[in-house]
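Please keep the viewer open as you read.

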Amino acid sequence: RLVGSEMCIRDSFMFEEVIWLLLFGSLPTQEQYAKFRKLLEHHRELPQGFADDMILNSPSPNLMNKMARSVLAMYSYDEHADDLSLPNILTQSINLIAELPTMMVNAYQLKRRVYDHESMYFHYPIAGQSTAEHILSSYRADQKFTHEEARLLDLCLLVHADHGGGNCSTFTTRVLSSSGTDTYSSIAAAIGSLKGPLHGGANLAVMKMFDHLKENIRHWDKVTEIDQYLNKMLRKEAYDHTGLIYGIGHAVYTISDPRAVVLKELARDLAKEKGREEEFAFLELLESRAIECFAKHKGTKKRVSSNVDFYSGFVYEMIGLPQEIFTPLFAMARIVGWCAHRNEELNFEGKRIIR
C-alpha cells in the first residue's frame, strides 16, 4: 500500500506510518497515527544531562561512531535495560527510533565546533513535526525548510526503513539478539556494520566518486570517454583502486532495485527545480554505462543494476544536507527495520543462538 505510484503522489508524511507498520504488522488508524506521532515527539528530547555527559564531553570526528556510543550509553538510563519481554522491547525500540535523530544532530553540531572550527547550535524539538521535519529544523541554524524538502526526506527515510533480514546490519541485529543481549548492544552493533562503505556508507562513497568523475571526465555526454574511465576503475587503475563502482550491483536485485527507481525519479524532479539537470544527466549516463562496463568486464550475461545508494546522496545534497550525515540518515531509517527484526528474533518459537 505504501510502495508504487500512490506513494509518489501523496503529499503527507509517511515515515511514521511505516514505523508503525514494521513494528506492529499493519497500518495505523488515524487515531493510532495521531497518538503515535505524539509519542515519538515526546521521546525526541534526550534524558536530562545526556547531551552534556555523553555528547558534549566526548566529541568524535565520525557521526556513526558517536551515535553507536550514544545508543550504548542509553543502557545506563534504562531501569529495565535487560528486560526481554515484548512490551519492554517495543518501548525501547520506540524510544531509540525517536532519539536517534536528536543524537545525530547533536553529534553533527559538536563535530562542526571541534573538528571543523565552525559555530554550533542546539535546538529543542518542535511539537507537531514529523521525523523528517524534526531533522531539518534541528540541524539548520535558522530552523527553516520547505515542505517539499521535508517530503522528499520523508520518502528517503521510507525507502530505507527495512530490507529484509539478510542485509549486513539487520543480520547483525538478529545475530546479537539471538544471544539474548540487550537492545542497546544490538542496535549499536548494527550502526557499526551500517557504517561500512560496502553497506550504508555507500551513499557517501557514491557522492565522493561522483565528484571525482565530474573532475576527471571532461565531456559528460561522451560515452567513449566515460567507458574508458569506468573500465580503468574496474581494472583498479583509477580512483580508489578498489575495482568498485559504488552504487552499482546488489546481492538480490539484478533487473532493478525498486528503491533506486523511486529515488531516481525524485532526483530527476529535484534537479530540474535546483537547476542541476546537467549533473543529473551525467549521473544517469554513468549509471547505464557502469552497468554495461561491469557486464563486459566480468564477461558474463548476468545483469547488475544500480542500488538504493546510487541516487540517495545526490537527493540529500540537493536538499542541502551535509555529506557527514548521509550515512547517519540511513541509520535514522533502518533502525526501524532493525527493531522489527529484533522483536521477531526474540519472539520466534524454538529460537536459538545464531552460529
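Nonpolar side chains tend to be buried together in soluble globular proteins.

Before going on, a word on the source: this is a predicted model, in which local features need pLDDT of at least 70 and side-chain atom pairs count only at pLDDT 80 or more, while totals for chains, interfaces and linings use all residues. Residues are numbered from 1 along each chain as its sequence is written, and side-chain values use heavy atoms, with hydrogens and water left out.

Not counting residues up to four places away in sequence, Leu321 touches Leu136, Tyr139, Leu153, Tyr316, Phe326 and Leu329, where contact means heavy atoms within 4.5 Å.

Helices (H or I, at least four residues) are DSSP runs, numbered from the N terminus. Buried means under 20% relative accessible area, exposed means over 50%, and partly exposed lies in between (1.4 Å probe, protein chains only). In helix α15 (residues 309–319), 10 of the 11 residues are buried, so α15 is largely enclosed by the rest of the structure. Among its buried residues are Phe310, Tyr311, Phe314 and Tyr316. The buried residues of α15 pack against α7 (131–139), α8, α11 (202–216), α13, α14 (277–298) and α16 (326–346). Gly320 follows α15 and has a positive phi, near 100°.

Helix α2 (residues 15–24) is mostly covered, with 7 of its 10 residues buried. These are Phe15, Glu16, Glu17, Val18, Ile19, Trp20 and Leu23. They pack against α3 (30–42), α6, α7, α8 and α16. The residue after α2 is Gly25, whose phi is positive, near 90°.

## Two helix pairs

Two packed helices are described by the angle between their axes and the distance between the axes. Axes are lines fitted to C-alpha atoms, for helices over the stretch in contact, and angles run from 0 to 180 degrees between N-to-C directions.

How do α8 and α13 pack? Helix α8 (residues 147–160) and helix α13 (residues 258–274) meet at an angle of about 165°, with their axes 10 Å apart. They are therefore roughly antiparallel (an angle over 145 degrees). Residues of α8 in this contact include Leu152, Leu155, Cys156 and Val159, which meet α13 residues including Val262, Leu263, Leu266 and Leu270. By class, the contact has 8 nonpolar, 1 polar and 5 charged residues. Here Ala, Val, Leu, Ile, Met, Phe, Trp, Tyr, Cys and Pro count as nonpolar, Asp, Glu, Lys and Arg as charged, and the others, Gly among them, as polar.

The second pair is α5 and α6, which pack at an angle of about 130°, with their axes 9 Å apart. The contact is made by Leu63, Lys66, Met67, Ser70 and Val71 of α5, and by α6 residues including Leu96, Leu100, Met103 and Met104.

Ala98 is buried, with a relative accessible area of 4%, and touches Leu40, His43 and Arg44, not counting residues up to four places away in sequence.

## Loop residues

| Residue | Relative accessible area | Class |
|---|---|---|
| Tyr77 | 34% | partly exposed |
| Gln143 | 27% | partly exposed |
| Lys236 | 51% | exposed |

Tyr77 sits in the loop between α5 (63–73) and α6 (86–114). Leaving aside neighbours within four places in sequence, Tyr77 is in contact with Pro47, Gln48, Gly49, Phe50, Asp53 and Met54. Gln143, in the loop between α7 and α8, has a positive phi of about 60° although it is not a glycine. Lys236 lies in the loop between α12 (223–234) and α13, and its phi is near 65°, a positive value in a residue other than glycine.

Notes: Helices (H or I, at least four residues) and strands (E, at least two) are DSSP runs, numbered from the N terminus. Angles under 35 degrees count as roughly parallel, over 145 as roughly antiparallel, 65 to 115 as roughly perpendicular and the rest as oblique.
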